[in-house]
Amino acid sequence: MVPQQILSYVDTSCFNPTALVTNLQVDNTTVNFSWTAPRFLTAGFVNYMWEVRSSGLPGSGAAGLFASGSTALTNDSVTGLLPGIPYTFYVKSSCHAWTRNINGVLTPLCSTPVFPYVENFEGVVGTSHTQLHYCCCYDRCNMRTRDAACRHPFSSRNSG
């Protein structure tokens, strides 16, 4: 009797990066992103290609494409992201089709003011703190008042 052998094929023509990491910077509009290089870089590898999209699939064209680029390094950055919009980051080896990529989603928070931040409330007219309360409790990121989470700072209901 002849022993059976099981052969498996591993495509060694191109390897993809792994472990995509996205880091939102303090300005909430810039993201530094990085990945781990494949263990082996083959002759077919030229560089890494990346796309940042608010919609659509990678490589699908301009609709939903925020930024794209290529680099021989294992990191890059993009700036100008808008708050509240989920962006998907895609990275692949240049020798692969976009159907073979690593990806991750990041949604920038509300814009962070630049410090020192000064607000002049000396010109506020009125006998109550309602105007000041509205200014402090308006969620500018989602363009709505934070009713449940924000109580009048001078009322007895503000117990914690």
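Analyst: A strand here is a DSSP run of E of at least two residues, and strands are numbered from the N terminus. R53 has its place in strand 3. Keep in mind that this is a predicted model.

User: Why is R53 called buried?

Analyst: Buried means under 20% relative accessible area. R53 has a relative accessible area of 0%, so R53 counts as buried.

User: Is E51 buried or exposed, and how do you know?

Analyst: E51 has 9% relative accessibility; the limit for buried is under 20%, so E51 is buried.

User: What makes the link between R53 and S60 a polar contact?

Analyst: The limit for a pair of N or O atoms is 3.5 Å. The side chains of R53 and S60 are joined at 3.1 Å, so the distance is within that limit. The side chain of R53 also reaches the backbone oxygen of G56, at 3.5 Å.

User: Which residues does R53 touch, leaving out those up to four places away in sequence?

Analyst: Among them are P58, G59, S60, L65, F66, Y87 and Y90.

User: Why is a group of residues called a nonpolar core?

Analyst: The members must be buried residues of listed types, Val and Phe among them, joined through side-chain atoms within 4.5 Å. The largest such core has 16 residues, and F33, V78, F89 and V91 have the most contacts inside it. Strand 2 (31-36), strand 3 (48-53), strand 6 (87-93) and strand 7 (102-106) each supply at least two residues of this core.

User: What is F33 in contact with, apart from neighbours within four places in sequence?

Analyst: The partners of F33 include L20, W50, V78, F89 and V91.

User: How many of the residues of the protein chain count as buried?

Analyst: Of the 160 residues, 26% count as buried. The chain exposes about 11,100 Å², of which carbon and sulfur atoms supply 57%.

Key: Residues numbered from 1 in each chain as written. Predicted model: local features only at pLDDT ≥ 70, side-chain atom pairs only at ≥ 80, totals over all residues. Heavy atoms only, no water. Buried < 20%, exposed > 50% of the residue type's maximum accessible area, 1.4 Å probe, protein only. Helix = DSSP H or I, 4+ residues; strand = E, 2+ residues; numbered from the N terminus. Contact = heavy atoms within 4.5 Å. Polar contact = N/O pair within 3.5 Å; in protein donor to acceptor, adjacent residues only side chain to side chain. Areas by Shrake-Rupley, 256 points an atom, 1.4 Å probe, with all protein chains shown as cover.
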